[in-house]
Each structure stands twice: as C-alpha cells, then as structure tokens.
Amino acid sequence: MLSFQSLTVAYTGSPVIDELNLDIQDGAVVALLGANGAGKSTLLRTASGLLAPRAGRVQLDGQDLTSVAVENRVRLGLAQVPEGRSVVTELSVDENLHLGGLWRYRDRSDRNAAVDQMYEMFEPLWRRRMSLGHELSGGERQMLSLARALISEPRVLLLDEPSLGLAPRVVAQLMTLLRETADRTGLTVLLAEQNVTSALSIADRGVVLGLGEIVVDAPAADLAADPALRQAYLGF
Ligand code: ATP
C-alpha cells in the first residue's frame, strides 16, 4: 500500500499540500483530480522523491520513504512518468527501451525479452523501433515514456497528465492500456489528470485536491455519474 501521512509540502511560504492523508491499496487505479495549481504534480513529485516534504511521510508497505533517494524508490517499485515525457530524443525507440530496462535486467537476454514484451503491449512502438525520439508524435512519445516506466515492472506507477497534448483517440488507447495493465499485473496507478472524464473512466477511485487538501474521495463511478459532485468539485 502507498500511503501519505500528514503530508505537508511547500516550495516557499505557505504549504501547497497541507497535512494530507491518503492510502492507496495495491492494484487500485486512483484518479488525482483538481484545478490547475491544486497540487497534483507536487504530490506525485513528493511520492517519487523529487521533492522532500516539510512534514509528514510517504510510506510504501509500511516502509518510510522519506529518506530514500529517488533511484532507490525506483528499486522499491515506484516509477514516475513525468509531465512532459521522459524520452531521450537522440536515441531510437529501441535504445530508449533498453536503457529503461538496464538496471532491472542485468542479463541481456532477459532485457531483450522485456523489451519484446513492451512491443507486444505497445504495438505502434514496434513499427517505430528504429525511429529517434524526436521523430515520434506526441502520442508515440507518451507511449514510449509509459513503456520505459513499465519495463522495470514497477508496483506503483505515478503518472502526471499523460493525456496532455494527445488526440482523444490516443488518450482512450493509453487509458485502456493502463487499466488492462493494472488488471493483469496488479499495478497500482496514481494518475494526475486534467482530463477528468478519461481518468474517471478507468479509475476505481477519484480523489479531488483543492488548496492542498482532499476535498472529495469517492468511487470513480459515483463521481462520474453525479452531476452535483461534478459541478461542485470538478467544475462541469
Ligand atoms: P497543474 O495541473 O497546473 O500542473 P497541479 O495541480 O499539478 O497543477 P502543482 O504543479 O503541484 O499543481 O502546483 C501547486 C502549487 O505550487 C501552485 O500554486 C504552483 O504555482 C506552485 N508551484 C509548483 N511548482 C513550484 C515551484 N517549483 N516553485 C514554487 N512554486 C511552485
């Protein structure tokens, strides 16, 4: 279980996340929602270790991660797909994937098998395997970022706005892939999204942040179906 306990995060001055408590069960897909500036990215960056909290803790299976460095959190199974994508633009798709699997699979044949598995999941990447990162479309880059994160077989995937700049059809594909991966592997997903409808369509649970606090925590289906809740907390 991924757990945030009395978490307070600030850049300068007043906290952006204020004494937040949130438990995420293994295998759950949680949509993290809220207006621009609500603190979604801040929460994800604190979970992955890019930001240190001012107070409180992040725990994975009861282990306090506060003093665990980013790369060691990755080893413990936390993978972040950052906003803006993590593709190395001068390398090919294939090289990017091998790089992503490098620390996880010492043995080259194991790594090759893991890369092949990603091509099975992300069919368009197979067709583009010799293309350089900068030659890819936005959707292809986002897929590659996701594949780079998944190749290390994380337990928890932290995703920041994966739908940003993508065509609706590509967004739908990505979301379906995420849901299928969670169902198949027991992956836990924390998905920060402005694209509320897409996120709620695959999530088990919707958590809405407002001014650094959780203002709603409800089953995703309830949030999606209840016009009053949507209007009050999501603005549509
Ligand atoms: P968005 O969807 O726009 O990314 P968000 O919900 O992810 O919004 P954050 O990016 O976490 O929100 O930002 C929360 C608050 O923290 C905002 O008021 C923002 O201006 C502030 N903030 C974010 N990054 C920094 C930073 N590096 N330095 C100072 N303040 C920051």
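**Helix packing and the ligand site**

Helix α6 (residues 138-150) and helix α7 (residues 168-185) have axes that come within 10 Å and cross at roughly 15 degrees, so α6 counts as roughly parallel to α7 (angles under 35 degrees are given that name). This is a predicted model, in which local features need pLDDT of at least 70 and side-chain atom pairs count only at pLDDT 80 or more, while totals for chains, interfaces and linings use all residues. Residues are numbered from 1 along each chain as its sequence is written, and side-chain values use heavy atoms, with hydrogens and water left out.

In the contact between these two helices (heavy atoms within 4.5 Å), G139, Q142, M143, L146 and L150 of α6 meet V170, Q173, L174, L178 and T181 of α7. By class, the contact of α6 with α7 has six nonpolar, four polar and no charged residues, where Gly is counted among the polar ones.

Helix α6 also packs with helix α3 (residues 93-101), at an angle of about 30 degrees and with the axes 8 Å apart, which makes α3 roughly parallel to α6. Here V93, N96, L97, L99 and G100 of α3 touch L144, A147 and R148 of α6, and by class the contact has five nonpolar, two polar and one charged residues.

An oxygen atom of the ligand is 2.8 Å from a polar backbone atom of G37, and a ligand oxygen atom is 2.7 Å from an N or O atom in the side chain of S41. For K40, an N or O atom in the side chain is 2.9 Å from an oxygen atom of the ligand.

Notes: Axes are lines fitted to C-alpha atoms, for helices over the stretch in contact, and angles run from 0 to 180 degrees between N-to-C directions. Helices (H or I, at least four residues) and strands (E, at least two) are DSSP runs, numbered from the N terminus. Angles under 35 degrees count as roughly parallel, over 145 as roughly antiparallel, 65 to 115 as roughly perpendicular and the rest as oblique. A polar contact is a pair of N or O atoms within 3.5 Å; within protein, one must be able to donate a hydrogen and the other to accept it, and residues adjacent in sequence count only if both atoms are side-chain atoms.
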